[in-house]
Each structure stands twice: as structure tokens, then as C-alpha cells.
Amino acid sequence: MSSNEVQDDEDKPAYAFFFGGMGAASAIIFSALGAAYGTAKSGTGIASMAVMRPELIMKSIIPVVMAGIIAIYGLVVSVLIAGSLSPSYTIRKGYIHLAAGLSVGFAGLAAGFAIGIVGDAGVRGTAQQPRLFVGMILILIFAEVLGLYGLIVAIYLYTK
């Protein structure tokens with residue numbers, strides 16, 4: 001057995017797949033948790049708002065849609081990572097894919113929390129003062145961008 005073959009075996013241990021799998025799982029789990037929180041929190045605000053102003057229900061669904069997009073970011077990265085698991089998978093790739101999954105997952109979790117809190121307060125406030133709607137949308141966009149930053153970092157890491 002040559003020195004090069006020994007290096008290849010050390011570079012491709014059986015547990016390398018664990019780190020890649022954890023990266024894929026982290027991406028979808030944490031971003032879906034953020035999306036679920038954002039949907040639930042915004043949904044309670046919509047339900048409260050609908051009692052006072054039922055005609056604004058469809059207009060107030062925007063935070064729920066934005067929270068759902070966060071889960072899509074995690075799904076994209078998770079599918080990319082899972083698709084790259086092959087017999088030639090190295091431990092280096094496993095670590096990088098874990099980092100990519102965690103970056104999009106935690107960014108999605110944070111963005112989902114922000115969207116949920118802003119969406120809840122925003123739709124309740126919009127029911128009382130309709131001019132608040134544009135401000136709510138701008139804040140929601142800034143919260144959504146947090147998840148997008150995680151997606152950008154994850155894709156950048158994935159390509160390394």
C-alpha cells in the first residue's frame with residue numbers, strides 16, 4: 001500500500017458522511033423551525049386583526065409568505081448537500097457542508113423569529129392605523145434578508 005493510498009483512506013473516513021448529513025439536516029431543520037415560528041406568530045396576529053378588520057386578511061398574509069420563503073432557503077441547501085454525498089466524499093467536504101448547513105439554518109431561525117415578531121405586531125398595528133403597512137413591509141424585508149445572507153454564505157461554502 002503506497003503512501004498516497006493511505007492518505008486517501010484517511011481523507012475519506014466512514015464518518016465523513018455524518019458531517020455532511022448533519023449539515024443537510026441542520027439546514028432544513030433550523031430554517032423550518034424559523035419559518036414555523038414566523039408563520040405561527042404572524043398567524044396569531046392575523047387572527048386577532050381579523051376580528052376588527054376582516055377585509056384586511058389577505059393583505060396581512062404577507063408575513064406568513066415571507067416566513068415560508070425562509071424554509072425554502074434551507075431546503076435548497078439541504079438538497080445540494082444531500083446530492084453531493086458520494087463514495088468519494090471527504091472529511092473536508094463534510095466539515096464544509098456542516099458549516100454551510102448551520103449558516104443557512106441559524107440565519108433562517110433568526111430571520112423567522114424576526115418575521116414572526118414584526119408580522120404579529122405589524123398586522124395588529126395595521127388594523128388600527130393603515131399607514132403602518134408600508135413600514136411593516138420594509139421591516140419584514142430587512143428581516144427576510146437575514147435569511148438570504150445565510151443562504152449566500154451557505155452556497156459560497158458549498159462551492160468550496
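**Reading one residue and its chain**

A: Let us begin with Glu144, which lies in helix α5, spanning residues 132–158; helices here are DSSP runs of H or I with at least four residues, strands are runs of E with at least two, and both are numbered from the N terminus. This is a predicted model, in which local features need pLDDT of at least 70 and side-chain atom pairs count only at pLDDT 80 or more, while totals for chains, interfaces and linings use all residues. Residues are numbered from 1 along each chain as its sequence is written, and side-chain values use heavy atoms, leaving out hydrogens and water.

Q: Is Glu144 buried or exposed, and which side chain of opposite charge is nearest?

A: Buried means under 20% relative accessible area, exposed over 50%, and partly exposed in between, with a 1.4 Å probe and protein chains only. Glu144 is buried and has no salt bridge, the nearest side chain of opposite charge being Lys41, 17 Å away; a salt bridge would need a side-chain nitrogen of Lys or Arg within 4 Å of a carboxyl oxygen of Asp or Glu.

Q: Which residues is Glu144 in contact with, leaving aside neighbours within four places in sequence?

A: Contact means heavy atoms within 4.5 Å, and on that basis Glu144 touches Met66, Ala67, Ile69, Ile70, Tyr73 and Ile115.

Q: How many helices and strands does the protein chain have?

A: The protein chain has five helices and zero strands, and its C-alpha atoms fill a box of roughly 75 × 20 × 15 Å along the principal axes.

Notes. Lys, Arg positive; Asp, Glu negative; His and termini not counted.
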